[in-house]
Amino acid sequence: MLKTKIGYSTLKDSFAQGKETAKNATTSMRPKLGMLYCSCLNDVEETIRGAKTYMKGAPIIGCTSSGMIMTNDGIITSEDGFSGMMTFDDRNLKVGVASHKAGKNAREIGRKVARAAVENAGENYSPNYFYMVASPKEEEDYLMGIQDVIGRVPMFGGSAADDTVEGNWKVFCNDEVFSDGVAVAFFYTDSDIVTSYTGAYNETDNYGLITEVANNRTLVKIDGVSALKKYADWIGAKPSDLKGQNLLVASITKPLGVKDPLGNLTVVRHPMFGDDMGTRTTADDTINLGNKVVEKTAIVQLEATVDELIKSTKATLRDVKSQLTTEPAGYVLIHCGGRKLGIGDRIDEVYKNLVEEAKGVPFITIFTFGEYGYDEHSANICGGLMLSFTAFGEE
């Protein structure tokens, strides 16, 4: 029988904060894993050192969350930092974790962490499910490397985030803490684990063919037209008003998306920077995206109101709960930090939705700069401005 428990703290001292978080998350538990999330304002190494005092040797994995986390008890945030953890206790559960800093070959690093996680679980075969956390940079390549080793095992996860999109995020796994790299947790279990992965946006009739891409994530041209100009025309704006980070904010309710080949899943591509100088090519008015795009494939403009972004959280939690064949034991709810930015001061409505739908089952909500998952027969994939809500069954 799987049990989960939540602990959190906003104590000013990072070590004491991690200690209190883990103490509350491990009381009456024999933890097999702790999924830990904290503020980029924390001394992350000290938070983890404090948390380890109560983890009884169980592995810890996680990342920094943008601005806050949520639990059943409320929105957890503080000017002095915060942390929260979900622990897992099940006699029949085995978990293997592994991590690696970024290097020259992200796909090979993915292979390395996959092999290490299998070994650290004490197994010699692929897991039933896995969690991935990475820096917002080479997620797709890490994922390909992991799947080179274990095949197409269903997954969930999200990218580390900070409060200002300045690169102050951290990924952590046991004693390893770094800004750029990847970590995984492999779950070996008979219990249900299911994920609902969605952007919950509406498709518009604005779409075109990607005709030029640079460096995987810079959208240069759509239908042979400069990408930012085409996008500006679609949303009724001027390209000059979408330069730099103005695009990031403007596109939260009007992002772009790509369809998986079967049409089951539309994966959101968040326009981040308009004509970003760091990725300038021979063309002007390019769009720097949060994830990879491919030439000669279609891209569509999506849209959603703030009301719809808020309502989608309750609907997505209801959907993932409906996929379980047993009663839920806990939820890990990965919510895009960009969506949070677009929702703004109404974020408490998201919390109320989650509490109402969770009905007392422990949950932890984190805010990331990339979300990972799948839908039905789609491949595992990385996106942005999305929800990756995962439910763990009791048995």
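**Second pocket.** I started with the lining of the second largest pocket in this predicted model: 15 of its residues are nonpolar, seven polar and six charged. The volume came out at about 640 Å³. I then looked up who sits in the middle: of the 28 lining residues, V258, K259, D260, R269 and I381 are the closest to the centre. The elements giving two or more residues to this lining are α4, β14 (202-214), β17 (256-259), β18 (266-269), β21 (298-303) and β25 (381-383). Helix α4 gives the most, with four residues.

**Largest pocket.** Next I went to the largest pocket, where I found about 840 Å³ of space. It has 43 lining residues, and P136, V165, M272, F273 and G290 are the closest to its centre. I sorted that lining into 14 nonpolar, 18 polar and 11 charged residues. Helix α4 (139-150) turns up here too, as one of the elements supplying at least two residues, along with α6 (246-250), β19 (271-274), β20 (287-289) and α8 (337-343). Which element gives the most to this lining? I noted α8, with four residues.

**Cavity.** I searched the whole structure for cavities of 30 Å³ or more and got one. The largest cavity holds about 50 Å³. Its lining is L2, F88, D90, L93, F187, T189, S191, I193 and F392. By class I logged six nonpolar, two polar and one charged.

**Six-stranded sheet.** I traced an open sheet with mixed pairing, in the order β5-β4-β23-β22-β26-β13. Strands β5 (74-76) and β13 (193-198) are its edges, each pairing on one side only.

β22 (residues 328-336) and β26 (residues 387-393) run antiparallel, joined by seven bridges. P328 stands opposite G393 of β26.

**Confidence check.** How far can I trust all this? I looked up the mean pLDDT of the chain, which is 95, with 98% of residues reaching 70 or more. The stretch I flagged is residues 277-282, with pLDDT below 50. Beyond near neighbours in sequence, that stretch has six contacts in the model. Low pLDDT means the predicted coordinates should not be read in detail, so I'm leaving those contacts out of my notes.

Note on methods: Residues numbered from 1 in each chain as written. Predicted model: local features only at pLDDT ≥ 70, side-chain atom pairs only at ≥ 80, totals over all residues. Heavy atoms only, no water. 1 Å grid on protein atoms, 1.4 Å probe; cavity = no way out; pocket = protein on both sides within 12 Å on 5 of 7 lines; lining within 4 Å. Points joined across faces, edges and corners; volume = space filled by probe spheres on them. Nonpolar A, V, L, I, M, F, W, Y, C, P; charged D, E, K, R; others polar. Pairing = 2+ DSSP bridges. pLDDT = per-residue confidence, 0-100. Contact = heavy atoms within 4.5 Å.
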